[in-house]
Amino acid sequence: MAIKNILVAVNGSTGSRSAVEAAIQMQAKYDAHLTGILVHYGHRDRFTEENWVPDNVRTIMSEGIRQKEAVVERDFRAAAEDRVPAEKLHWLALSGEPDDTLAKYVVMYDVAVMGPNARKSHPAIDLHPERVALKSGRPILVVPTPFDPDSLNKRAVVGFDGRKAASRVIHYAMLYLETKSQVDIVSAGDKMYKPANSISAVDLLARHGVKADRIRLPGGSRHFGEELLSYCDKVDAGVLFMGVYDQGIFREELLGGATRHVLANATIPVMISY
């Protein structure tokens, strides 16, 4: 099934502008529908239910929020003008907890495109790609800032250890990998989880017409996230695919791990899935 339904998270930040540019490129490549979505944790809906809030205050707050939404929508449509057909360009503005609300909408799209977590962005619009992937079960393409428009056409690297999340991201990424002339399946050290009598990841891709090379990094003192990014830099890769939270979300949140390191330091787009 082809990619025909793309969702891009938009909030006016520098990171979201990079995500919009990447999403527009993908729309042109796949002739897909492109939906921009703004999710913010505003006070409009919450205060509507509170009887003590005066009507004039509700009106002022609602109008202020609508104006801010309109600015973000205007910038999104301006970026897509003359590049995305009007009948394939869509817009949503929603109020709610950003990660939870976006995750509920992602499930009906082929892929979601986001900027990285900005850390210093306002909590009302703050998004965490890895949490959206975890809650939605859908693939998320995380686009760094600055974004190199040529990166999506370069070599692809797949971080693979045989676990469920890594296997899932290969299947999600298949439509992207089929257009690549070079795909590297990369693991570190001797750890490889492989079901009994299963085919290899290279064989899996070969059956879909994708030529891939198996790369085993030596491993060592650095964790897998560092190894992956170092390898991507070495071969001038344009996009990285990886599963997230294979060690468990609480372990990663508390102690750090490959997921957090890659998303915090990647200079190329990274597709993640859980």
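**Exercise 1: The cavity lining**

Task: Classify the residues that line the largest cavity as nonpolar, polar or charged.

Solution. Step 1: the lining has eight nonpolar residues, one polar residue and no charged residues, where Ala, Val, Leu, Ile, Met, Phe, Trp, Tyr, Cys and Pro count as nonpolar, Asp, Glu, Lys and Arg as charged, and the others, Gly among them, as polar. The structure is a predicted model, in which local features need pLDDT of at least 70, side-chain atom pairs need 80 or more, and totals for chains, interfaces and linings use all residues. Residues are numbered from 1 along each chain as its sequence is written, and side-chain values use heavy atoms, without hydrogens or water.

Step 1: the lining residues are Ala9, Val10, Asn11, Ile37, Leu38, Val39, Leu102, Ile125 and Leu127. A cavity is a set of points on a 1 Å grid over the protein atoms alone where a 1.4 Å probe fits but cannot get out, and lining residues have an atom within 4 Å of a point.

Step 2: strand 2 (residues 33–40) gives the largest share of this lining, three residues; strands are DSSP E runs of at least two residues, numbered from the N terminus.

**Exercise 2: Strand 4**

Task: Determine which strands pair with strand 4 (residues 111–114).

Solution. Step 1: strand 1 (residues 5–9) pairs with strand 4 in the parallel sense over three bridges, pairing being at least two DSSP bridges between two strands. Here Ile6 stands opposite Val111.

Step 1: strand 5 (residues 140–142) also runs parallel to strand 4, joined by three bridges, with Ala112 opposite Ile140.

Methods: On a 1 Å grid over the protein atoms alone, a cavity is a set of points where a 1.4 Å probe fits but cannot get out, and a pocket is an open set with protein on both sides within 12 Å along at least five of seven lines; lining residues have an atom within 4 Å of a point. Helices (H or I, at least four residues) and strands (E, at least two) are DSSP runs, numbered from the N terminus.
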